[in-house]
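Please look over the structure below. The report covers salt bridges and a helix pair.

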Amino acid sequence: MTGICDGRVVVVTGAGRGLGRAHALAFAAAGARVVVNDLGVGLDGTPGADSPAAQVVTEIRAAGGTAVAHGGDIATTEGARSLIATAVETYGRLDTLVNNAGFLRDRMLVNLDEDDWDAVLRVHLKGHFLPLKHAAVHWRSEAKAGRTPVARIVNTSSGAGLLGSRGQGNYSAAKAGIVGLTLVAAAELARYGVQVNAIAPAARTRMTERTFAETMAAPTAGFDAMAPENVSPLVVWLGSAASEGVTGRVFETEGGRVTVMEGWRPGPSADKGARWDPDEVGDTVRKLLARAEPPGAVYGA
């Protein structure tokens, strides 16, 4: 297989199903050698009996591609370290990391247990940070040895992280944190030849087909806008050398649409030059809000 990622070594987390599987297959089709990571757990994060990572590796090899499975828990230091080591020890290098692993434990805030909060933050946010950290350590070492890489990281946020989603306080907080992590990593790692971006995809996965069943239903004919394979071309491009100069960006992608998200920017402002009193600042805030753009609608509101 040859293509835009010919010769590159790509790690994809949560690649046993859904978006991660689609990304892994697309990278392999584009010529990459792929490390397919998946812990093989259920929607709530509990271990499953099968090995979805091995199944995806079999698919890639059957199509003429090159891949190896990794079943470690990337939300642990050892699991994340071994993930990066698997790429380097198996293929001699690492070029791209796609952070995709995650699961849901949806509850309204008044019913959200601490364990459900911690579990979702652990897998989504910590599960992005640790692989990113260990990949960055490797690439920093390469750069200091005079072998500056053409390295790429693609993180996975969500519309829930950008706008909020009712019943998903833990998930929304984690996905918003991933955006912040992306911006910091892009700034810190540029000196080592690393570009870092994030996507906020809308696609049919095990997580979304239950939460948004009607929206995610596959059509009986025509273009399947919610197919996870629609998201992968952008991820492959961001993970390739062709995306040179693109970093610190968030892209929303759904079906055939790609949107550059512009994030928080200063809006209307007032400066008294002294301390406000509560009534005065309240009147001023209302005048500022009248001139401001309205906030985006929260999903499920």
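## Basis

Buried means under 20% relative accessible area, exposed means over 50%, and partly exposed lies in between (1.4 Å probe, protein chains only). This is a predicted model: local features need pLDDT of at least 70, side-chain atom pairs count only at pLDDT 80 or more, and totals for chains, interfaces and linings use all residues. Residues are numbered from 1 along each chain as its sequence is written, and side-chain values use heavy atoms, without hydrogens and water.

## Salt bridges

The whole structure holds 11 salt bridges. A salt bridge here is a side-chain nitrogen of Lys or Arg within 4 Å of a carboxyl oxygen of Asp or Glu.

Arg-105 pairs with Asp-116 at 3.4 Å, N to O. Arg-105 sits in the loop between β4 (96-98) and α4, and Asp-116 in helix α4, so the pair ties together parts 11 residues apart in sequence. Asp-116 is buried, at 9% relative accessible area.

Lys-272 and Glu-280 meet at 2.7 Å, N to O. Lys-272 is partly exposed at 38%. Glu-280 is partly exposed too, at 28%. Arg-21, Glu-59 and Glu-229 form a network of salt bridges.

## Helix α4 and its partners

Arg-122 bridges to Asp-73 at 2.5 Å, N to O. Arg-122 is in helix α4 and Asp-73 in the loop between β3 (66-70) and α3, so this pair ties together parts 49 residues apart in sequence. Arg-122 is partly exposed at 30%, and Asp-73 is partly exposed at 23%.

Notes:
Helix = DSSP H or I, 4+ residues; strand = E, 2+ residues; numbered from the N terminus.
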